[in-house]
Amino acid sequence: MPDAPAAPGAPIRIALADDQALLRSGLAALLRLEADIEVVAEAADGAGTLAAVAAQHPDVLLLDVQMPAGTEADGGAGPTDGLEVAERLRGSGTRIIVLTTFGRAGYLRRTLEAGADGFMIKDAPVERLVDAIRRVHQGLRVVDPELAAQSLAAGPNPLSAKETEVLRACAHGGSTADVAARVFLSEGTVRNHVSSAIGKLGVANRAEAVRRATDNGWL
């Protein structure tokens, strides 16, 4: 059964998820200065974030994109990144603002597709972040305006799901055989996907394809 709505005048209950302890604690301290905001949980990895949300049912989760997976209660690995956390919390009732140091247009698209309600850069002024929290809590969607403009300029991701998967594996380095083993494909199929990605991205080689796709937030 969903939680009852907060009483009028009740503070907005916030959870913070970021593996950088100093940044997380500093942000928590700043948010606690706001009379209408209450920080109820902090987490340093994907598994811890899911557990914190399940235990505290925050109104809004401030979620880092890149965090370690952590270990869930059953011993399994947690979500691979913040976007997977957002996907798994879709429909939970907790609204999500993704915070990132990576101001890449492609991240915006992936964030919204994952079900998040906002996307902000970590070095945005705290006043802007507080305003975003209040807006998201009211049911609005909030996007950093510069990233919105970049996203429109960058256009949609031209890569297929398999090309994206293969390039993501390529980003970890290694030979074609190593990449093939990671994605459970033949070496020939991997070469075909890499070649197709290189052509779509207009670059010269695998390394440049990985760099271009990463810069646009498609990996």
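Reader: How much space lies in the largest pocket?
Author: About 720 Å³ in this model, which is a predicted one.

Reader: Which residues lie nearest its centre?
Author: Asp81, Leu83, Arg110, Arg168 and Leu219 do, out of 23 residues that line the largest pocket.

Reader: And which elements give two or more residues to that lining?
Author: Three helices do: H3 (82-88), H4 (105-113) and H7. The largest share comes from H4, with five residues.

Reader: Now cavities. How many of 30 Å³ or more are there?
Author: One cavity reaches that volume.

Reader: What volume does the largest cavity have?
Author: About 50 Å³.

Reader: What lines the largest cavity?
Author: The lining consists of Leu16, Ala17, Asp18, Leu23, Arg24, Leu27, Leu62, Leu63, Asp64, Leu99 and Lys122. Strand E1 (12-17), helix H1 (21-31) and strand E3 (60-64) each contribute at least two residues to it.

Reader: How many of those lining residues are charged, and how many nonpolar or polar?
Author: Four are charged and seven are nonpolar, while no polar residue takes part.

Reader: Back to H7. How do the axes of H7 and H9 cross?
Author: Helix H7 spans residues 161-170 and helix H9 spans residues 187-201; their axes cross at roughly 100 degrees. The two axes come within 9 Å.

Reader: Which residues in H7 meet H9?
Author: On the H7 side they are Lys162, Glu163, Val166, Leu167 and Cys170. Their partners in H9 are Val190, His193, Val194, Ser196, Ala197, Lys200 and Leu201. By class, this contact of H7 with H9 has seven nonpolar, two polar and three charged residues.

Reader: Zooming out, how many helices and strands does the protein have?
Author: Ten helices and six strands.

Reader: What percentage of the residues count as buried?
Author: 43% of the 219 residues in the protein.

Reader: And the contacts, what part of them join residues at least 24 apart?
Author: 61%, counted among contacts between residues at least 6 apart in sequence.

Conventions:
Residues are numbered from 1 along each chain as its sequence is written. This is a predicted model: local features need pLDDT of at least 70, side-chain atom pairs count only at pLDDT 80 or more; totals for chains, interfaces and linings use all residues. Side-chain values use heavy atoms; hydrogens and water are left out. On a 1 Å grid over the protein atoms alone, a cavity is a set of points where a 1.4 Å probe fits but cannot get out, and a pocket is an open set with protein on both sides within 12 Å along at least five of seven lines; lining residues have an atom within 4 Å of a point. Grid points are joined across faces, edges and corners, and a volume is the space filled by probe spheres set on the points. Helices (H or I, at least four residues) and strands (E, at least two) are DSSP runs, numbered from the N terminus. Ala, Val, Leu, Ile, Met, Phe, Trp, Tyr, Cys and Pro count as nonpolar, Asp, Glu, Lys and Arg as charged, and the others, Gly among them, as polar. Axes are lines fitted to C-alpha atoms, for helices over the stretch in contact, and angles run from 0 to 180 degrees between N-to-C directions. Contact means heavy atoms within 4.5 Å. Buried means under 20% relative accessible area, exposed over 50%, partly exposed in between (1.4 Å probe, protein chains only).
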